[in-house]
Amino acid sequence: MHIARSPGAPIGVFDSGVGGLSVLRHIRAQYPNEHLMYFADSGHAPYGDKTEEYVVMRALAVTDYLLAHGAKALVVACNTATVAAIKAVRARYPELPVVGVEPGLKPAAAATRNGKVGVLATARTLKGDKFLQLREQISAATRAEFLLQPAVGLVDEIEKGDLDAPQIGAMLERYVAPLLEQGADTLVLGCTHYPFVRSGIERVLHAHQRDDVTLIDTGDAVARQLGRLLEAGELLHPGGDQAATLRGYTTGDAGALAQAFADLLGLKPMVEKVDV
């Protein structure tokens, strides 16, 4: 498949659902001239409870779709898909600039004061070989202890859109409190959905009198890495008279994605349901 090499071509961003909008927010802020396509694979979500083979298959199918629609670069704005599938995407498209979402272990190890880091993520992310290798490497280099907490069901609740729902508050208490009890002073938001419930996590910290806990969100670092790759490939959009465009695609409900754009980012792009 032909890969766009024009600076004016769009960047493709994808996630299993709406979580990647937390990364898209950083990309738009840092590169306001770039045209963007956001793909929510909501018809096949969540990825966190699927097999690695299934996630690889979906990631390749979505990548094919975005490339067919002219993408010059790809952001895998999903921790689970990054862990499971980014190697396969890069193998199929070695010339394509591809950025994944690393689960923030390195900045967390640098931020911790007592060496105990809580990692909130999907079960699939925490079981992935790539994640476990990264944990071993950083533990060996820094002596940081990573306390792993799968947040089962949290992505599903965030996808529903009511971020102040009592179920979300109860889940955050159930998943964050044990990490605090084990002494974590730093907490990695290891899924792109989780920054959207940051205020809920902060409420749990406050209730446990642990306002000193540092939260790590890697969306900003992902956007910076994307910029480095675009610059290296001479693919940064030069700007000009034409306003940057944003289009949404989903394998789920177009209305639900449009609502998420409005509720989470205050945006109203064209959203299309596709069969991929």
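Colleague: Is Thr-80 buried or exposed?

Modeller: The general idea is a cut-off on relative accessible area: buried means under 20%, exposed over 50%, and partly exposed in between, with a 1.4 Å probe and protein chains only. Thr-80 has a relative accessible area of 3%, so Thr-80 is buried. This is a predicted model, in which local features need pLDDT of at least 70 and side-chain atom pairs count only at pLDDT 80 or more, while totals for chains, interfaces and linings use all residues. Residues are numbered from 1 along each chain as its sequence is written, and side-chain values use heavy atoms, with hydrogens and water left out.

Colleague: In which element is Thr-80 found?

Modeller: Elements are DSSP runs numbered from the N terminus: helices are H or I runs of at least four residues, and strands are E runs of at least two. Thr-80 belongs to helix α3, which covers residues 79-92.

Colleague: Which residues does Thr-80 touch?

Modeller: Contact means heavy atoms within 4.5 Å. Setting aside residues up to four places away in sequence, Thr-80 touches Tyr-47, Gly-48, Val-55, Thr-122, Arg-124 and Thr-125. With Thr-122 there is also a polar contact of 2.9 Å between the side chains. A polar contact is a pair of N or O atoms within 3.5 Å; within protein, one must be able to donate a hydrogen and the other to accept it, and residues adjacent in sequence count only if both atoms are side-chain atoms.

Colleague: What is the strand order in the open sheet of six strands?

Modeller: Two strands pair if DSSP finds at least two bridges between them. Here the order is β4-β3-β1-β2-β9-β10, with parallel pairing. β4 (98-99) and β10 (270-273) stand at the edges with a single partner strand each, so one side of each has no neighbour in the sheet.

Colleague: How many bridges does β1 form with β3, and which residue is the partner of Gly-12?

Modeller: Strand β1 (residues 11-15) pairs with strand β3 (residues 73-76) in the parallel sense over four bridges. The bridge partner of Gly-12 in β3 is Leu-74. β1 also pairs with strand β2 (residues 36-40), in the parallel sense over five bridges, and Phe-14 stands opposite Phe-39 in β2.

Colleague: How many residues of β1 are buried?

Modeller: Five of its five residues are buried.

Colleague: What is the volume of the largest pocket?

Modeller: On a 1 Å grid over the protein atoms alone, a pocket is an open set of points with protein on both sides within 12 Å along at least five of seven lines; a cavity is a set where a 1.4 Å probe fits but cannot get out; lining residues have an atom within 4 Å of a point. Grid points are joined across faces, edges and corners, and a volume is the space filled by probe spheres set on the points. The largest pocket has a volume of about 320 Å³. It is lined by 19 residues, and the closest to its centre are Gly-100, Glu-102, Gly-104, Thr-218 and Ala-221. α10 gives the most to this lining, with four residues.

Colleague: How do the residues of that lining divide?

Modeller: Ala, Val, Leu, Ile, Met, Phe, Trp, Tyr, Cys and Pro count as nonpolar, Asp, Glu, Lys and Arg as charged, and the others, Gly among them, as polar. The lining of the largest pocket has ten nonpolar, five polar and four charged residues.

Colleague: Which residues lie nearest the centre of the second largest pocket?

Modeller: They are Pro-46, Gly-48, Asp-49, Thr-122 and Gly-153, out of 21 lining residues. The elements giving two or more residues to this lining are α3, α5 (123-127) and α7 (154-159). The volume of the second largest pocket is about 260 Å³, and its lining divides into nine nonpolar, seven polar and five charged residues.

Colleague: How many cavities of 30 Å³ or more are found?

Modeller: A search of the whole structure finds one. The largest cavity holds about 60 Å³ of space. Its lining includes Ser-22, Asn-79, Cys-191 and Asp-217, and by class has five nonpolar, five polar and one charged residues.

Colleague: Where is Ala-184, and how far is it from Val-117?

Modeller: Ala-184 is in the loop between α8 (166-181) and β7 (186-189). Ala-184 and Val-117 are 67 residues apart in sequence and 5.1 Å apart in space, C-alpha to C-alpha. The relative accessible area of Ala-184 is 2%, so Ala-184 is buried.
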